[in-house]
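Please study the structure before reading each solution.

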Amino acid sequence: MKVSARLSTVPPSPIRKLVPFAVKAKREGVKVYHLNIGDPDIPTPRVMIDVLHRWKTNPIGYGQSQGEPIFLEALRSYYHGIGFPFVKTAHIQATSGGSEAISMAMFAITNPGDEILTFEPLYTNYNSYAAINGVRLVALPTTIETGFHLPPQPEIEKRITKKTKAILYCNPNNPTGTVYTKEEIDMLVALAKKHGLYVLSDEVYREYTYDGRIHVSLLSYMTSIPNQAIVLDSMSKRYSLCGVRLGALVSLNADIMAGVLRIVQGRLSAGLVDQYIAAQLTAVPKEYLRDTHREYEKRRDVLYKGLKKIPGVTIPKPEGAFYAIVGLPVADSEHFCQWLLTDFSDHNETVMLAPAAGFYATKGKGKNEVRIAYVIHIKNLKRCIDLLRIALKIYNKA
């Protein structure tokens with residue numbers, strides 16, 4: 001019996017595909033530092049953990065399909081707090097992680113064979129969900145030389161066809177760490193207005209911008225393009241809640257909201273306990289996000305300064321989030337990343353990176369690049385930089 005042809009179109013995750021090699025290395029006693037995945041080591045806010053200690057409801061049943069009222073109200077309060085008082089709970093759909101929000105948005109606005117314009121390198125799961133939904137991603141290149149900022153408007157516009165249904169972008173950007181300027185977002189919204197396109201803005205890392213840069217949210221434009229704007233959000237990185245699999249889709253388009261509700265009714269609900277945990281976001285002390293921001297900026301500085309000293313390594317200074325796309329002096333970064341786990345260790349330690357080719361939609365791109373997530377303590381991050389320096393020297397002599 002044959003599986004479906006479409007199953008083969010779903011790509012493996014560049015973040016997780018080398019995990020078996022890491023597991024084997026650990027079994028053999030090697031300490032592996034994980035810079036391959038954005039799974040922060042910063043503690044989850046205590047008020048959220050306390051929900052688990054106080055939990056009494058037994059059995060744990062289904063939640064409401066749109067989301068538990070306590071969670072939706074907390075999100076409404078959050079969006080009001082960052083300057084968007086027009087957002088109501090009716091405009092919010094709770095999702096099982098930000099990834100489900102991406103997939104549901106694609107399903108809601110496209111038919112099989114339609115195109116979504118985006119920019120590469122890109123969040124790797126865009127590739128996965130485009131394949132699952134029968135959508136073609138048209139990825140315009142951005143370059144390491146420009147810090148991965150957007151190409152000029154004429155270059156974007158000439159890629160718009162009759163099949164183009166939306167523009168999708170991530171800001172601050174995973175995997176590049178780029179923070180788009182107001183002029184860049186203005187340009188994308190203007191293109192959407194001119195060509196009648198949806199705009200999908202992935203704003204998972206909204207709080208993390210550095211060197212005085214300001215995050216420009218699509219929410220700022222939502223009332224001017226109420227039927228076209230969709231914001232994709234997540235609790236995972238903001239509150240170190242990756243395992244609580246909760247995100248949100250926000251739109252003023254009543255047809256989209258009614259449609260995604262029908263989708264989530266089919267999968268019943270997001271996790272009940274998860275939503276009660278995340279609903280405590282309104283009780284998280286303001287210092288939590290402030291201190292977390294400072295810590296990531298310090299880590300960014302350590303990574304940037306350390307990698308700049310390694311011969312042959314190219315890294316633009318990340319402007320936000322907690323990622324960097326890094327050029328390495330190797331021909332095949334996937335081979336190098338695997339080699340780090342199978343053939344290299346220093347004092348029984350090694351580092352795991354994510355090959356960057358999987359963060360591109362165009363085949364052959366990113367072959368000598370990796371994505372690094374600076375989500376570990378500065379002391380360990382410094383050790384990783386040292387390990388990478390030693391490893392490159394050995395690898396390039398072999």
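**Exercise 1.** Is D346 buried or exposed?

*Solution.* The model is predicted, so local features need pLDDT of at least 70 and side-chain atom pairs count only at pLDDT 80 or more, while totals for chains, interfaces and linings use all residues. Residues are numbered from 1 along each chain as its sequence is written, and side-chain values use heavy atoms, with hydrogens and water left out.

Step 1. Buried means under 20% relative accessible area, exposed over 50%, and partly exposed in between (1.4 Å probe, protein chains only).

Step 2. D346 has a relative accessible area of 17% and is therefore buried.

**Exercise 2.** Determine which residue forms a salt bridge with D346.

*Solution.* Step 1. A salt bridge requires a side-chain nitrogen of Lys or Arg within 4 Å of a carboxyl oxygen of Asp or Glu.

Step 1. The partner is R383, with the closest N and O atoms 2.8 Å apart.

Step 2. D346 lies in the loop between helix 11 (333-342) and strand 10 (349-352), and R383 in helix 12, 37 residues apart; helices (H or I, at least four residues) and strands (E, at least two) are DSSP runs, numbered from the N terminus.

Step 3. R383 has a relative accessible area of 16%, so R383 is buried.

**Exercise 3.** Classify the salt-bridge partners R267 and E100 by accessibility.

*Solution.* Step 1. Their side chains meet at 2.8 Å, N to O.

Step 1. R267, at 23% relative accessible area, is partly exposed.

Step 2. E100, at 17% relative accessibility, is buried.
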